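Let's walk through this structure together, going from the meeting of the chains to the packing inside. Keep the 3D view open as you read.

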Amino acid sequence: MADAVRPRRWRPAPLIANPWLRHGLTLGAAIYLALALGTVDVNWARVVDGLDRGARFIGGFLQPNFSSRWDDIVQGMIESLTMTVTSTVVGIAISIPIGIGAARNIVPRPVYYVCRSIIAVSRSLQEIIVAIFLVAMVGFGPFAGFLTLSFATIGFLSKLLAEDIEDIDPASVEAIRATGSGWFSMLSYGVLPQVMPRLIGLSLYRLDINFRESAVVGIVGAGGIGATLNTAIDRYEFDSAAAILLLIIGIVMVSEYTSSIIRKRVQ
Amino acid sequence: MAVQQLANGRFAWQRRTARAEWLNWLAWLAGVALTVFCWRVMTESTIWDYVWDAPTQAADIGGRMVPPRWSYFPNILKPLWDTLNIATLGTLLAVFISVPIAFLAARNTTPSVAFVRPVAILVIVSSRSINAIIWALLLVSILGPGILAGIIAIALRSIGFIGKLLYEAIEEIDAKQVEAISATGASGPQTLAYAIVPQIMPAFAGITVFRWDINIRESTVLGLVGAGGIGLNLESSLNTLAWPQVTLILLVILGTVVISEWISARIRHAII
């Protein structure tokens, strides 16, 4: 009767109830960690060499140099911003029909499958890989970036729009249908008013993402601020690179703040 | 919604008032004007001959890409393993850094709303604004090429993601449980361990697995800038115009992404 004598201590319930599974997972994780850390072969001499550059980079954040590459930065920013706006608009224009087509509850089955496959293709390809191919096809410059970002927008926006349409309240659709309306009136009076606030929110969010991605596609030659950034880093001009990064962070912060205000007003 | 009186004295329902109609129209006009302006600025330097030539180029590249060079497969097993390690170790590192930051950023756990919270939020926003590839680009030039740069790049980008979602989860916890625990006389750390942590644990696990899945996707391309993994093979195959190898690598990346997405969906389903 040891239990009766010694007061038992309460313990919180473990996350995984089965002890075999719990300890097995812990052991597996430990083995994996050991193996994975073993593959990290660090060239310490190189790291020590790089420390000086790392310090210069951190110093660059404290004293960013906007002036020496100012013309390149302006050019890159203009390309990035115009690319962001046009690709978001075109992306939205294409995503809306595809998103509607990918909503199981309002379209026939064959349309649903076609639209879902378009979404799957767009989502599974990385922006930067798409950019490499588009640069090879249409040449260097922001037009390739525009195509890349539009393509990426389709997968993102259509998927979320379709899921949103699948979640709508069927009662209002039924009410519009009961007035004898056709499919398009049902769409514009029954479905779209319900998903509009979220669609606006998602579009603003995608505008943000497209701006951030526009800094990436430049690395492979698709125009934008990424090209300027790449050059600055390649030449070890960390103070210019820090200036560009600070500009990107600043613009993202402003646009996040603005879109949160717009979202609040819309919803 | 508005009602308008018609000439014959009857009332008709309108979707918007006249004022709203005008505002709506103006907003559309401004939007279209901005888009057209941006389009013109953007395409100033575009060489349209190349663009019209794109279908030919696409057909040409497409023709070279098939069939995939299957015999190359053994060469990418090691890089694939590196890619998985970059994503997993990067996520782990990010978890260690982002958990304290999330507690500092959440309104109900931060030591100071006026001073500490804005700093934590700034760290989160900065990390979120810069893509992992750009971090990798920087780190490769600082630390040299290799998977260490990849791991740190993934971690730096993930801090913002995990930090943001986690601090939002902390702000949404049920305050009654915290009150109940502190009413027993529990100290600060004890309240944290018995009232707050159990409430956010499922959200935390879900967020981490979700980010791990995104990181697998991102780590496959980090090699393009020299940060290790399967992207290195992609880069060298692209540079040598070995298109059949490119196809094989892309197929492997696609398969990896699909599998990791499936695993992450299963785990999140089991937790939540």
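**Where the chains meet**

In this predicted model, 48 residues of chain A are in contact with 48 residues of chain B. On the side of chain A that touches chain B, at least two residues each come from α2 (19–39), α3 (44–62), α4 (70–101), α6 (127–138), α7 (142–166), α9 (183–217), α10 (225–234) and α11 (238–266) of chain A. The helix that gives the most to this side is α4(A), with 7 residues. Sorted by class, the side of chain A that touches chain B holds 32 nonpolar, 11 polar and 5 charged residues.

Let's stay with α4(A) and look at one of its partners. Two packed helices are described by the angle between their axes and the distance between the axes. For α4(A) and α10(A), the angle is about 145 degrees and the axes are 7 Å apart. From α4(A), the contact is made by D72(A), I73(A), G76(A), M77(A) and S80(A), while α10(A) brings I225(A), A227(A) and T228(A). By class, the residues of this contact divide into 4 nonpolar, 3 polar and 1 charged.

Now turn to the nonpolar packing. In soluble globular proteins, nonpolar side chains tend to be buried together. Here, the largest nonpolar core has 125 residues, and those with the most contacts inside it are I133(B), A136(B), L139(B) and A153(B). Helix α7 of chain B, residues 147–171, gives the most to this core, with 16 residues.

Which residues is A136(B) in contact with, leaving aside its neighbours within four places in sequence? They are A149(B), G150(B), A153(B), L222(B), V225(B) and A227(B).

Key. Residues are numbered from 1 along each chain as its sequence is written. Chains are lettered from A and ligands numbered from 1 in the order in which they are written. This is a predicted model: local features need pLDDT of at least 70, side-chain atom pairs count only at pLDDT 80 or more; totals for chains, interfaces and linings use all residues. Two residues are in contact if their C-beta atoms, placed from the backbone, lie within 7 Å. Helices (H or I, at least four residues) and strands (E, at least two) are DSSP runs, numbered from the N terminus. Ala, Val, Leu, Ile, Met, Phe, Trp, Tyr, Cys and Pro count as nonpolar, Asp, Glu, Lys and Arg as charged, and the others, Gly among them, as polar. A nonpolar core is a set of buried Ala, Val, Leu, Ile, Met, Phe, Trp, Tyr and Cys residues joined through C-beta atoms within 7 Å. A residue is buried if 20 or more other C-beta atoms lie within 10 Å of its own, exposed if 12 or fewer, and partly exposed in between; C-beta atoms are placed from the backbone. Axes are lines fitted to C-alpha atoms, for helices over the stretch in contact, and angles run from 0 to 180 degrees between N-to-C directions.
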